Amino acid sequence: MKTHFIAIGGSAMHNLAIALKDKGYHVTGSDDAIFEPSKSRLEKKGILPGEMGWFPEKITSDIDAVILGMHAHQDNPELAKAKELGLKIYSYPEFLYEQSKDKTRVVIAGSHGKTTITSMILHVLNFHQKEVDFMVGAQLEGFDCMVKLSEDNDFMVLEGDEYLSSPIDLRSKFLLYQPNIALLSGIAWDHINVFKTFDDYVEQFRKFVASITAGGVLVYNEEDAEVVKVVENAENYFRKIPYKTPEYEIVNGKVHLKTEMGDVPLSVFGAHNLLNLEGARHICHTLGIMDEDFYEAIMSFKGASKRLEKVEREDNGTLYKDFAHAPSKVKAAVKAFCEQFKNEKKYGFLELHTYSSLNPVFLEQYDHAMDGLDEAIVFYSEDALKIKRMEPISPELIKEKFKNENLKVFTNAEELHAYWNTLDKTEGVYLMMSSGNFGGLDLTK
């Protein structure tokens, strides 16, 4: 099968391209910019474009599938040529469904936790040598590529994202998967550039639950009121399995899960991760993994990339980075950090740089998000606001919305870095929350 990727360099797209190459497909692609690690990984597989840019001449009538990434625009010249030739154009999720339509599809959805839950499930299955196809949005220890597609496997585990499918398909990605087994971890307003009201956002999850195949299974977080509301109002038939935070305790800095089989020591911490773990356990149970086998495997799970991930520093200081940027994720990460390091001085840094997090209306969602930290620091770039053509935001407004008068607010990367350099990283513990890089801050030094 001959496939061509428009915007092959994306974090998700390049993994799919590699998976298809490994499956024996003929793979080509284009992009106007490709960064690491996508660049090296595509190069290693021999599918890195020879030069950057869009080249309509690459689009030929013998291509079986054109896969369109979100990074491309509607007026992309390669897209125009594909339409002109009448080629089949897929969004990323649409193509994944095409590859898995004859399999049992397990879809993990929710505003937060979906990457970690998917990663936990894959870790357990891999530990017990259970082969499945999969797609997950973060690098996971023991896996070379975060997409796997085969002809033989009966199951496919998919991280289900509520964001748009492609520039020409404005449906939420997870609406294309039609799950046989699903999990819903939580609902907290996000992506306000697309979903203008909270109800618009919740509607995507209503549709997702409605898309579960007849007689399917939904594992859901019963501690989330919005999730419960969506599940209770669903009109289609499926089996409902609720889950909640399990009992645990922290002994000498290590989390121990309380189970019927005794205490299970874990390598992750935080109530939200224990909640994620419980959801993963129920999904694994539907896939034939018994509880004792689940617990045996989960003890060695160290977390998904950039989810409370410990950074190895030259000075051996204690520092964790977390992809948290949405309010619910920030609150969960801060709560976990404060519980885990209650006797240490705690520094928390948050970078605001997504469209939602820089919107004054949405900032209301961050109220008390940094409470419990001894030093709380928020950074956002005034240049980023200009690039996004957004109105300026004052540090005073940030403090007001966070409801934290002691918040330190930086709007200039150089000033942030200067402050960072005054801190002795061997004293206290540090939580760095961002989907960016704090203006180029090196967290290892």
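Let me start with a term: two rings of Phe, Tyr or Trp count as a pair if their centres lie within 6.5 Å. Keep that in mind. This is a predicted model. Here is what an aromatic cluster looks like in this structure. Tyr 347, Phe 349, Phe 410, Tyr 419, Trp 420 and Tyr 430 form one cluster. The charged end of Lys 425 sits over the ring of Trp 420, 4.4 Å from its centre.

Now the wider count. How many aromatic pairs does the structure hold? It holds 19. I will show two.

First up, Tyr 90 and Phe 95. Their ring centres are 5.2 Å apart. Their planes meet at 80°. Planes over 60 degrees apart count as edge-to-face, so this pair is edge-to-face. Are these two residues buried or exposed? Buried means under 20% relative accessible area. Tyr 90 comes in at 10%, so Tyr 90 is buried. Phe 95 has 1%, so Phe 95 is buried too.

Next, Tyr 320 and Phe 341. The centres of these rings are 5.9 Å apart, with the planes at 50°, so we call the pair tilted. Where do the two residues lie? Tyr 320 is in strand β18, residues 318-322. Phe 341 is in the loop between α10 (327-340) and β19 (346-351). So the pair ties together parts that are 21 residues apart in sequence. Tyr 320 is buried, at 12% relative accessible area. Phe 341 is buried as well, at 15%.

Let's move to a sheet. A reminder: strands of a sheet pair through backbone hydrogen bonds, either parallel or antiparallel. This sheet is open and has four strands, in the order β2-β1-β3-β4, with parallel pairing. Which strands are at the edges? They are β2 (26-30) and β4 (89-91), and each pairs on one side only. From one strand to the next, the twist averages 25°.

Look at the middle of that order. Strand β1, residues 2-6, pairs with strand β3, residues 65-68. The pairing is parallel and runs over four bridges. Within it, His 4 of the model stands opposite Val 66 in β3.

Note on methods: Residues are numbered from 1 along each chain as its sequence is written. This is a predicted model: local features need pLDDT of at least 70, side-chain atom pairs count only at pLDDT 80 or more; totals for chains, interfaces and linings use all residues. Side-chain values use heavy atoms; hydrogens and water are left out. Two strands pair if DSSP finds at least two bridges between them. Axes are lines fitted to C-alpha atoms, for helices over the stretch in contact, and angles run from 0 to 180 degrees between N-to-C directions. Rings of Phe, Tyr and Trp (its six-membered ring) pair if their centres lie within 6.5 Å; planes under 30 degrees apart count as stacked, over 60 as edge-to-face and the rest as tilted. Buried means under 20% relative accessible area, exposed over 50%, partly exposed in between (1.4 Å probe, protein chains only). A charge sits over a ring if NZ of Lys or CZ of Arg is within 6 Å of the ring centre and within 35 degrees of the ring normal.
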